[in-house]
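Welcome! Take a moment to look over the protein shown here, and then let us walk through some of its parts together.

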Amino acid sequence: MEKRIEAILKETFKHGFEEATSEEIYHALLLLTKKEMAGQKPVSGDKKLYYISAEFLIGKLLSNNLINLGLYDDVKEALKKHDVDLSDIEEMELEPSLGNGGLGRLAACFLDSIASLELQGDGVGLNYHYGLFQQKFEKNLQKEVKNPWLTTDSWLTRVPVDFTVPFRKMTVHSTMYDIDVPGYETGTVNKLHLFDLDSVDDNMVQSDSIDFDKTAVEKNLTLFLYPDDSDRDGRLLRIYQQYFMVSNAAQLILMETKAKGYDLHELDQHVAIQINDTHPSMVIPELIRLLQIEGFTMDEAIRVTEKTCAYTNHTILAEALETWPMDYMEEVVPHLLPIIRELDNRIRAKVADQSTYIIDENNAVHMAHMDIHYGYSINGVAALHTEILKDSELHNFYKLYPEKFNNKTNGITFRRWLLHCNPELANYLTSKIGEGYKKDAKELEKLLQFQDDAEVLQKLEEIKKANKVALADYFQKKQGITILPDSIYDVQVKRLHEYKRQQMNCLYAIYKYLEIKGGKKPARPITMIFGAKAAPAYIIAKDIIHLILCLQELTANDPDVAPYFRVVMAENYNVSYAAKIIPAADISEQISLASKEASGTGNMKFMLNGALTLGTEDGANVEIRDLVGEDNIYIFGEKSDTVIDLYAKSGYCAKDIYDEDEQIQELVDFIVGPEMMKLGKKENLERLHHELISKDWFMTLLDLKDYIETKDKVYADYEDRKAWEKKCLVNIAKAGFFSSDRTIAQYNDEVWHLR
C-alpha cells in the first residue's frame, strides 16, 4: 500500500511522501480509492431499485470508502510510517453539501446498506453546488453564506448521460454525475446519480450571502438545496427543482430498462421506485407521461406506475407534506396537469371522502395524496410513527388501503458511526466479541455477557474520556471555545425546529444557571452542547439559535458559573462535526414533542456510542426503550395520545401554564431579563418570549417541569459511575437492531423484492 500511494504521488506531483503536503496525500488517496472502486463489479440482478431523494447527506467519503473496500487499516499503517495521521488527511476533504438533516442522512445510510447487502439499487438526486448553506455566527445570530464544495477533483465523475427536460418557458438539457457507493467488503458497487445543468452560474451568489435571482432558472436550478420558499419565486423554483429531478430519474429508469431488453409493460417486474418523502412525488405523473410517449394508453401507464412506485412518509408536520397551487404548476409544468387531473378524477369517481382527493377545494395539489393513491406501498419510519399515520394523520387513507401501509423503522450505517468515528471503541468491541458484528450488528448483543465485568466497564469509561478530550480539543481548535473534558457532555444536535424543542433545553440551561448563581453547585461540571442549522426563513428557529448563543456567552463569562456550567454551540454542524461529538456524548437529548418526531436517527448513533437517551416517548425512542429496558433510558413528558388529543380539542394554553407556575414564569422571563438583553437583540428575544407564552405550538411548557426533574435525576445518576457504564454497555449491545442493514433487508423482503 505504501508503494502504491508513493507511486501516485510521484506520478501526479513528481515527488514522494517526504515532500508531500497533506492536500497532496489526500489527492493521492482520492485517486487510489476511485481507481479501486472503478475495478469493483456493479451489482446485478433482474430487478433494480431507484431511490429518489432531494437529499443525500453523505458526509466525507474517504475513510468510509476505505473501510468498505477493506483498505482502511493498510492505508493508515502506510501513512503512519511517514508520521502522517489519516485523521489529519481527512480534514483536507470538503464535505459534500447535498443534504440537511435526518432525511438526507438516512438516504446516505440506505445507499451504503443497499450496496453492502449486494442489492441492485442506485440513488437519484440533484448535484447542488452550494447545498444548504454554511452557518456562521455573528453577534450571537446565525448568518447564512454559500458553501462551495465542488472542486475539480472530487468523488463526482461526469458520465455521458444527458436528458431533455421540458418546462413551460424553456427546455433544458441535463448532465449526470455519478458517485460510486461500494458495499462493505463485497467487491461490488452501486451508484448515486446526481443531475445538474451546465448553464448554472455559481457567480450569481455573493460570497457572504445566499441571495440570488430566483427567476433566472437556467442559471440557478441546482445552486441550493431548499431555496427560500417564503415568496412565489422561491416556491416556483422548488417546483422546477423537483420536476427536474424526477424527469431525469424517470428517463434514466426507462433508458436502462429498455437497454436491458425488458418489456416496459412489465416495468414493475424489473424496477422499484422509492419516493423518499414528498419531494420526488412528481415522478408518478412524469412516468405516466413518458410511458404514453412509449405508446402506452393512459390506463396502461397508470397501472404500471402504481405497481412500481412506493412512498416513504417521514413526517406528520403539515408544512412538510407538500402541496403546490395548480397555478404555480401551470407556470412550470403545464404538461403534467392533465395527468394529475385525470389521477384525481379517478379517485373522485371511486371515493366520496374529499379529504383524500389529490386536488383540494383550493385548487392545490397534495403530493402525499398522489403517492398514497398511486403507490403500492406506504411506510412510516418508526413503529409509533406508522401507528399515528394509520390511526390519525392518514387514517382516511388507511381505511381505503390498509394493505398498503407498513412500518420500516429507520436505521444507521453503524460502520460509519462506530468503526469510522469511534475506532477505539470498535477495536475494543472486536477484541471482546469478534469481528462478526461488523456485518451482522445483532452480534453486538454478545457484549451483554460483560455487563458486570468491572474491567470492561472501566475500559468503556476510558474510551469515552479519550473521546471527550478529543472533542474539547476540536472545539478549541475550531471555534476557540473551552470545555472541560471532566464535565458531563449533555448533547442536543439536530436540525433546529420548534418541535425538536431546543427551546426547552434552553429553559433548563436558565434553570441551572440560576441555581448555580443561587449557590447550589452541581456535583460535577456540566457542558450542554448544541448543534443545529435553522432554515433561513424560519424566524423563530433562528431566534432559538440566538438564545443558545447568548447563553453560551453568558455562561462562559460569568466567573460564578463558568467553572461549573457551560452552554456551547457547534458552528456549521454537519456530518463531520457529528462524528466528533457523538462518540464523546454522555447524554443524548431526544426531547421532541411526543407524536412529532417520525423516528430520529441521531438517537440511534448516540446509543451505539454509549450515550444514554433522555427523551420523550416519541419516534424510535419508544423502540430504544423497549430494547434496553426502562432502567437504561430516561423517559419524560406527556404521551403521544395525550398530545394528539390536546391538538384535536385545542386543549393546550401556554399562557395558563405560565400564569399559574412561578418557576416557569421566572425561567421564561429570564429570556427578556437584563442579563440576556445585554448580550442579545431585543427584537429576537422578545419575539421568542412572546411565542412561548402566546402560542408555544409544540407545547414546551407542558413538559418543562417533568423535564427539569428527570434531567436532574440523570445528572445525579451519572455520579454512580459503575451503574452508569453498565447502562451504557446495555445501550451499545442493543443498538444492533438499528442497523440500516436490517431496515434495508426489511424493505427488500416486504416492498422491493429485488432478488
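## A hairpin and its turn

K139 sits in the loop between β4 (134–138) and β5 (141–145). Helices (H or I, at least four residues) and strands (E, at least two) are DSSP runs, numbered from the N terminus. This is a predicted model, in which local features need pLDDT of at least 70 and side-chain atom pairs count only at pLDDT 80 or more, while totals for chains, interfaces and linings use all residues. Residues are numbered from 1 along each chain as its sequence is written, and side-chain values use heavy atoms, with hydrogens and water left out.

How do β4 and β5 run? They are antiparallel, with five bridges joining them; two strands count as paired if DSSP finds at least two bridges between them. One of these links has L141 in β5 as the bridge partner of E138. Together β4 and β5 form a hairpin with two residues between them.

## Two positive phi angles

Most residues other than glycine have a negative phi. K139, in the turn of the hairpin, has a positive phi of about 55°, although K139 is not a glycine. M699 also has a positive phi, near 55°, and is a residue other than glycine. You will find M699 in the loop between α29 (682–694) and α30 (700–718).

M699, in turn, counts as buried at 2% relative accessibility. Here buried means under 20% relative accessible area, exposed means over 50%, and partly exposed is in between (1.4 Å probe, protein chains only).

## A covered strand

Now turn to strand β3 (residues 121–126), where six of its six residues are buried. G121, G123 and G125 point one way from β3, and D122, V124 and L126 point the other way.

What are the neighbours of β3? Strand β2 (residues 48–52) pairs with β3 in the parallel sense over four bridges, and Y50 has D122 in β3 as its bridge partner. Strand β9 (residues 188–197) also pairs with β3 in the parallel sense over four bridges. There, H193 in β9 is the bridge partner of V124.

## Nonpolar cores

How many residues does the largest nonpolar core have? This core has 204 residues, and those with the most contacts inside it are I5, L29, L79, F167, M329 and W417. A nonpolar core is a set of buried Ala, Val, Leu, Ile, Met, Phe, Trp, Tyr and Cys residues joined through side-chain atoms within 4.5 Å. The largest share of this core, 13 residues, comes from helix α8 (residues 232–259). Apart from this core lies another, of 69 residues, with F530, I587, I591 and M699 among them.

What does W417 touch? Leaving aside residues up to four places away in sequence, its contacts (heavy atoms within 4.5 Å) include R105, C109, I412, V575 and A578. Others touched by W417 include K605, L608 and N609.

## A buried asparagine and the cysteines

N68 lies in helix α3 (residues 62–69) and counts as buried, at 2% relative accessibility. Not counting residues up to four places away in sequence, N68 touches D112, P182, G183, Y184, E185 and R415.

Finally, how many disulfides does the structure hold? The structure holds zero disulfides, a disulfide being a pair of cysteine sulfur atoms within 2.5 Å.
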